[in-house]
Amino acid sequence: MWEFFMENEPPSHNDLVNTTVSGITMGEISYRVSNLIIDESTVGFERFLREFTSTVINPMQGFNRLIRGDMWKAGSPNKRSDFNLVVSTGIHNLFFSKNIDDSKTYLTLRADLNYGDIFEVNKHKKPFDYFSLHTEFNIAEGDDIIGIFASGVLVDNKLYLFENTDNIFGLYKEIDILINETYQLSSTSLTAKIINRVPISTSIKMQNNLNVSAIVMGATNSQYAAEEGKDYNLGPGASGSIGIKFIFEDIGEVYSNYKRYWIHTLAGAEGNEFVGLLNTGINLHLSNKTALGLESLLYDRYGDYEYYENYSSSNTALRFYVNHTI
C-alpha cells in the first residue's frame, strides 16, 4: 500500500546537484535583493508596494514578516549595501546560420544588478557580500531568448602585481542559464577569477578578466538526448572566459567577452558538448545615467558523440538598446 505514495525512482544527477546548489545560490541572492527593497520607515501605498515586491522576490521572508507583523510595523530605514542597477530595452535581431537574409527580431529587456563593489574586497566578510546578477529576456511571437548569469563571491583578496593597478583574485559560485536558437544550456560552477583594472590615462581605464570554472553539473539540449530517454544531456565539465573593457570617462565604454563551456555527458547521448558565447559592444553616454548601446553576439555549439553523428551550429545577433542606471 505504501508504495503507492512513495517515490519509486532514484533522484537524478540534476536533482542532487543543480537543484540543491542553485537553490542555495539564488536563495541567498533573492534574500539580499528583497532586503534592498524593504524600508520600514515608509507608509501607505509605497510601503505596500515595497512589501509586496519584496515578497514576490523572496516569498519565505515575506511570509515570516507577515507572521511577525513586521510588514506594517513602523521602523527606521534599512541600512542598505551599495548597489548598482542598470535596466535596458531595445531590439535584438537574430541572424540564422549567420545569414543576413534570414533573421528574426525580438524585443529585448535586460537588468544588471551589482551588489557591492567587486574591487572592495575588504568589505567582503561573508559569502555573497558581493554578487552580480544579469537577466535578459528577448521576446518574439512564439519564441524567447533567455539569459541568466549569477555570480557571488565566496572568498577573495587583493593581488599586488603592478603599481597603480587594482588586481583581485577570488573564488565565486556561479549559475549560468542560456536559452536560444542554437542551444539550451544551464551550468552550476565554482569559478576562479583574476580581475585587473589599469589606468591608461586620467580619463581612460582598462579592465581585464580571466575566469576558469569547474562545472559541478551542467545540461544542454540535444536532438539525440530523447533517444536515450532524456530531455537533456547532463554531466560535469569546465568553462573558461576572457574579457576586456575600455572605460572612457564621461563618454562610454567598449568591451568584448568570450565564454566557452565543455560538458561531459553522464546521462544522455554519450559524448562531449561544447557551447560558446561571444559578445562585443559599445555604450555611449547620453547623460550621467543613460546610455545608448550596440552589441554583437555569436552563439556557437559543437557536439562530439560516441554513437551518433557529430553536430555543429551557430547563429549571430545584433542588439541595439538604451540603458538607464537606477
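Predicted model: local features only at pLDDT ≥ 70, side-chain atom pairs only at ≥ 80, totals over all residues.
Contact here means heavy atoms within 4.5 Å. Residues are numbered from 1 along each chain as its sequence is written, and side-chain values use heavy atoms, with hydrogens and water left out.

1. Let's start with Tyr 183. Setting aside neighbours within four places in sequence, Tyr 183 is in contact with Leu 178, Asn 221, Val 275, Gly 276, Leu 277, Tyr 299, Asp 300 and Arg 301.

2. Tyr 183 also belongs to the largest nonpolar core, which has 16 residues. A nonpolar core is a set of buried Ala, Val, Leu, Ile, Met, Phe, Trp, Tyr and Cys residues joined through side-chain atoms within 4.5 Å; buried means under 20% relative accessible area, exposed over 50%, and partly exposed in between (1.4 Å probe, protein chains only). The members that touch the most others are Leu 94, Tyr 183, Leu 185, Tyr 261, Leu 277 and Tyr 299. At least two residues of this core come from each of strands S1 (83-96), S9 (252-264), S10 (271-285) and S11 (290-305). For the labels, helices (H or I, at least four residues) and strands (E, at least two) are DSSP runs, numbered from the N terminus. Another core, of nine residues, lies apart from that one, and its members include Ile 29, Leu 36, Phe 128 and Ala 150.

3. Phe 128 deserves a look for its backbone too. Phe 128 sits in the loop between S2 and S3, and its phi is near 70 degrees, a positive value in a residue other than glycine. Most residues other than glycine have a negative phi. Phe 128 is buried, at 7% relative accessible area.

4. Asp 250 has a positive phi as well, near 65 degrees, and is not a glycine either. Asp 250 is in the loop between S8 and S9. Is Asp 250 buried or exposed? With 64% relative accessibility, Asp 250 counts as exposed.

5. S10 and S11 run antiparallel and are joined by 15 bridges, with Asn 283 opposite Gly 293 in S11. The two strands form a hairpin with four residues between them. S11 then pairs with S12 (residues 311-325), again in the antiparallel sense, over 14 bridges, and Leu 292 has Val 322 in S12 as its bridge partner. That hairpin, S11 with S12, has five residues between its strands.

6. On to the second largest pocket. A pocket, on a 1 Å grid over the protein atoms alone, is an open set of points where a 1.4 Å probe fits, with protein on both sides within 12 Å along at least five of seven lines; lining residues have an atom within 4 Å of a point. This one holds about 430 Å³ of space, the volume being the space filled by probe spheres set on the points. Its lining has 17 residues, and Val 33, Ile 37, Ile 57, Leu 85 and Leu 113 lie nearest the centre.

7. What supplies the largest share of that lining? Helix H1 does, with six residues. H1 (13-37), H2 (44-57), S1, S2 (103-115) and S3 (131-140) each give at least two. By type, the lining divides into twelve nonpolar, two polar and three charged residues.

8. Asn 58, between H2 and helix H3 (59-68), is buried at 10% relative accessible area, and beyond its sequence neighbours within four places Asn 58 is in contact with Gly 27, Ser 30, Tyr 31 and Ser 34. Thr 42, in the loop between H1 and H2, is buried at 8% relative accessibility. Not counting residues up to four places away in sequence, Thr 42 touches Arg 47 and Arg 50.

9. Last, Ser 239 in strand S8 (residues 233-248) is buried, with a relative accessible area of 6%. Leaving aside neighbours within four places in sequence, its contacts are Asn 211, Val 212, Ser 213, Ile 215, Lys 259, Arg 260 and Tyr 261.

Technical notes: Nonpolar A, V, L, I, M, F, W, Y, C, P; charged D, E, K, R; others polar. Pairing = 2+ DSSP bridges.
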